[in-house]
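Dear colleague,

Please find below the structure that I am handing over to you. My notes on what was found in it follow directly after.

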Amino acid sequence: MDADALFPVHLDRVLDGLATNSALPAPMLRRLFAWERGGAKVATRPDLTADMIAEIIAMGDHWLLHSLALNDRLPDRFRIHLAAHPDGAVRAAVVARAATAPREMLERLVDDPDPRVRERLAQSEHTPSHLRARLATDSDPAVRVALAKHWTQAPEAVRRILLTDPEAEVRGAACSTYYARLPHPVPPPDLLPALLADPVTRAGAVIHAALDADTLRRLTEDPSSEVRAELARHPDLPPSVRDVLAVDPVLSVQVKVFARRDTPEHLRAQIHASIHGLSRSTADPEDDADDETLLQWFQNEFAPTELRILRLPWVTADPLPHIDSPYVSFRVSAAASRALPADAVARLLDDDEEMVRLTMAHTAPHLVDPATAESIERRYRPRRDKFTFWWDTKEVLAFPPTTLRRFATDPEPRLRSFAPRDPDLPSELAEQLAHDPEGRVRRAVAAHRNLPLPSLLRLLADSSERVAEAAGASPFLPVEHMERLLTRAGL
């Protein structure tokens, strides 16, 4: 292809690809620092020299500096330098990648005037404990909230401060049903009465409560469905109360009873049928409905999906009785076990439900034969179940070169996009894929070493932004064409 005919439709995305291109010569890399419409990606490269880093810092561009601060390979002396930068966002970014940062740098930042910096320190497991503890009395509630959510194994003295914080939002984060990290903290027993009495901490405290008759009555009658749902999870829940919660008007409470190990099978079946029936019959809320009504409507709408996506550790620990369960979540949980015999694995790999097949394949990819692997990938339909989209970004299953080359001419675009995984894919097949009508296929082949140069150059001018970027990132793009791209961009 005539180089002068190269007119990238998405020049900015091509340069984004070029910024990450491992074959980009150092002088050209430097020229990307001046790319005003982008350029931030170049500051995340792992091969930046000390001179290049100093040049980026001297330029003072916000986005370049922010990306540089997030660079995992940034030497500590530059990290320390950026920790004193006047831009708080840059200082906060430094903290986000401070796994190896010198302690003196963190000691200076713990008193930073910008709460974003202190919030990052509160979130980071790399912040020394004595510095993190100081943030429990930070002047900004958002910092204390971040600490409560992320430092789940803080010393008891710190947890006490957060659990008794004057701000409701902080107390709620410190005694919650959700934390950013596991394991969840256990509140001190002497604080439980106050936590159960406080509406913002009650739901988080329920699972730790001793269920005497009075506590059971109050929690069962609590107006908050979140409290009742947490009660439904309690390990010491009496069967009589479990049965009451099994018919709770809020379906998310019923879901928790469904998931209990001690729920009788006939009751579990009743709940399953009830949730699907009630969810289908629930009318849409009125335009002027209050927040509580809207929340209950949403919970009821989501309940059937919640049933499907439950993950049950007690099923995973004892999977064999559940591999033929009528409930998807039970079979998915069984498929997460690494202790299944081969015949059970085979049955779950051929399950009618995609979530079950994908979970089993992810758990034991070494037990998936080529024919089954092809069947799983051929049957994959991401739009049918949004909770299987994660599979689309993973290369879990391996295929031999002969299969990958056969995929190159398959009617299914997803399988055609797998063909470039063969490093020795013949050039004629690579060229054919570069002309594929599906962008995902062209993107997959853009950086292949056997792609003929004319095809690679055409992909630089592709109508798809993602294809153009992938072509710009190809290490097989000749230097003279890199030069032309930079010149065209005015760099």
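The second largest pocket has a volume of about 290 Å³. A pocket here is an open set of points on a 1 Å grid over the protein atoms alone, where a 1.4 Å probe fits and protein lies on both sides within 12 Å along at least five of seven lines; lining residues have an atom within 4 Å of a point. The volume is the space filled by probe spheres set on the points, which are joined across faces, edges and corners. Of the 13 lining residues, Asp392, Glu395, Ser417, Arg421 and Arg440 are the closest to the centre of this pocket. The lining comprises four nonpolar, two polar and seven charged residues, where Ala, Val, Leu, Ile, Met, Phe, Trp, Tyr, Cys and Pro count as nonpolar, Asp, Glu, Lys and Arg as charged, and the others, Gly among them, as polar. Helix α29 (residues 439-445) gives the most to it, with three residues; helices are DSSP runs of H or I with at least four residues, numbered from the N terminus.

Please note that this is a predicted model, in which local features need pLDDT of at least 70 and side-chain atom pairs count only at pLDDT 80 or more, while totals for chains, interfaces and linings use all residues. Residues are numbered from 1 along each chain as its sequence is written, and side-chain values use heavy atoms, with hydrogens and water left out.

The largest pocket has a volume of about 870 Å³. It is lined by 38 residues, of which Thr177, His184, Glu230, Arg233 and Lys256 are the closest to its centre. By class, this lining has 19 nonpolar, 10 polar and nine charged residues. Several helices supply at least two lining residues each, among them α11 (156-163), α18 (251-258) and α20 (291-309). Helix α16 gives the most, with five residues.

Phe258 in turn belongs to one aromatic cluster with Trp314, Tyr327 and Phe330. Rings of Phe, Tyr and Trp (its six-membered ring) pair if their centres lie within 6.5 Å, with planes under 30 degrees apart counted as stacked, over 60 as edge-to-face and the rest as tilted. The count comes to seven aromatic pairs. One of them is the edge-to-face pair of Trp314 and Phe330, at 5.6 Å centre to centre and 85° between the planes. This pair links helix α21 (residues 313-317), which holds Trp314, to helix α22 (residues 328-335), which holds Phe330, 16 residues apart. Trp314 is buried at 17% relative accessible area, and Phe330 is buried at 2%; buried means under 20%, exposed over 50%, and partly exposed in between (1.4 Å probe, protein chains only).

Helix α24 (residues 354-363) is mostly covered, as nine of its 10 residues are buried. Among them are Glu354, Arg357 and Leu358.

Finally, Ser124 lies in the loop between α8 (115-123) and α9 (129-134). Ser124 is buried, with a relative accessible area of 12%. Its C-alpha is 8.3 Å from that of Trp151, 27 residues away in sequence.

Yours sincerely
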